[in-house]
Structures are given as C-alpha cells and as structure tokens.
Amino acid sequence: MGARPERVQEALRREVSMIVQKEIKDPRLGFITITKVEVTKDLKNAFVYYSVLGEEKVANNTRHALKSAVGYIRKLIGERMKMKYVPEITFRQDMSIEHAKRVYEILDNIKKEKSEDES
C-alpha cells in the first residue's frame with residue numbers, strides 16, 4: 001500500500017478516536033480505544049478496529065452504540081477531513097489485547113504449576 005492510504009488510515013484513526021472519546025454521548029459506550037484503521041486501496045471503505053475494557057455485556061453494548069453512531073461519525077469526518085469521498089466505516093472489535101491477556105494467564109498458570117512441582 002502506498003503512502004496516501006497510510007496517511008489516510010492514521011488521520012482517520014486520530015479523528016475517529018477524538019469523535020468517540022469526546023463527542024458521542026451514548027451511555028452504552030464503554031471505555032474504548034481505537035487501535036487501528038485499515039482502508040481499501042480505493043479509500044472507499046475503512047475498517048476501524050477498537051478494543052473495549054470490560055465484560056462481554058460491555059463489549060456488546062459498545063458494539064451497538066458504535067453501529068448506531070456510524071452515520072454521525074461519518075458525517076463529522078466528512079466535515080473535518082479534506083477527502084473527495086468519505087469512506088464507509090465498519091467497526092470491528094480488536095481481540096488482540098484479549099488474546100494476549102489469555103496467553104499471559106496460561107503462561108502464569110504453567111509457571112505456578114512448575115514451581116509447585118519443584119517444591
């Protein structure tokens with residue numbers, strides 16, 4: 001991918017993050033972090049990855065809040081960014097933090113079992 005899509009991705013990540021943190025007042029929205037944005041080569045679609053702290057219920061509520069706010073977010077991006085075409089936005093939950101947390105838990109359990117076996 002060239003330099004332009006990468007610049008657009010970073011600009012979108014910053015803008016969506018600001019909008020979600022400061023302008024969306026939906027009570028269903030949990031503590032959310034926009035982790036990355038991927039755009040298609042034609043810049044017509046953007047996949048916004050987010051992580052959310054909390055249990056499954058919080059994640060579900062956040063997903064619903066983002067889904068209902070996507071039109072508003074897109075409108076604000078269109079007003080703020082100089083783009084010929086504002087990309088369609090699709091939110092996707094970034095599970096990499098959860099996967100890393102699970103790996104650390106497993107490694108910690110193995111370490112505990114190993115120390116118990118040695119004693």
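What follows is a short chat about a predicted model of one protein chain.

User: How many helices and strands does the chain have?
Analyst: There are 3 helices and 3 strands in this predicted model.

User: And what pattern do they follow along the sequence?
Analyst: Reading along the sequence, you get α-β-β-α-β-α.

User: What does the C-alpha trace span along its principal axes?
Analyst: About 65 × 35 × 20 Å.

User: Switching to the strands, in which sense do strand 2 and strand 3 pair?
Analyst: Parallel, over 6 bridges, with strand 2 covering residues 45–52 and strand 3 covering residues 88–93.

User: Which residue in strand 3 is the bridge partner of Asn45?
Analyst: That's Glu88.

User: What do strand 2, helix 2 and strand 3 make together?
Analyst: A β-α-β unit, and a right-handed one, with helix 2 running over residues 56–80.

User: Now burial. What share of the residues is buried?
Analyst: Buried residues are 33% of the 119 in the chain.

User: And how much accessible surface does the chain have?
Analyst: It comes to about 8,300 Å², and carbon and sulfur atoms account for 52% of that.

User: Last one: of the contacts between residues at least 6 apart in sequence, what share joins residues at least 24 apart?
Analyst: For this chain, 59% of those contacts do.

Note on methods: Residues are numbered from 1 along each chain as its sequence is written. This is a predicted model: local features need pLDDT of at least 70, side-chain atom pairs count only at pLDDT 80 or more; totals for chains, interfaces and linings use all residues. Side-chain values use heavy atoms; hydrogens and water are left out. Two strands pair if DSSP finds at least two bridges between them. Helices (H or I, at least four residues) and strands (E, at least two) are DSSP runs, numbered from the N terminus. A crossover is right-handed if, with the strands pointing away from the viewer, the path from the first strand over the helix to the second runs clockwise. Buried means under 20% relative accessible area, exposed over 50%, partly exposed in between (1.4 Å probe, protein chains only). Contact means heavy atoms within 4.5 Å. Accessible areas come from the Shrake-Rupley method with a 1.4 Å probe; for residues, only the protein chains shown count as cover.
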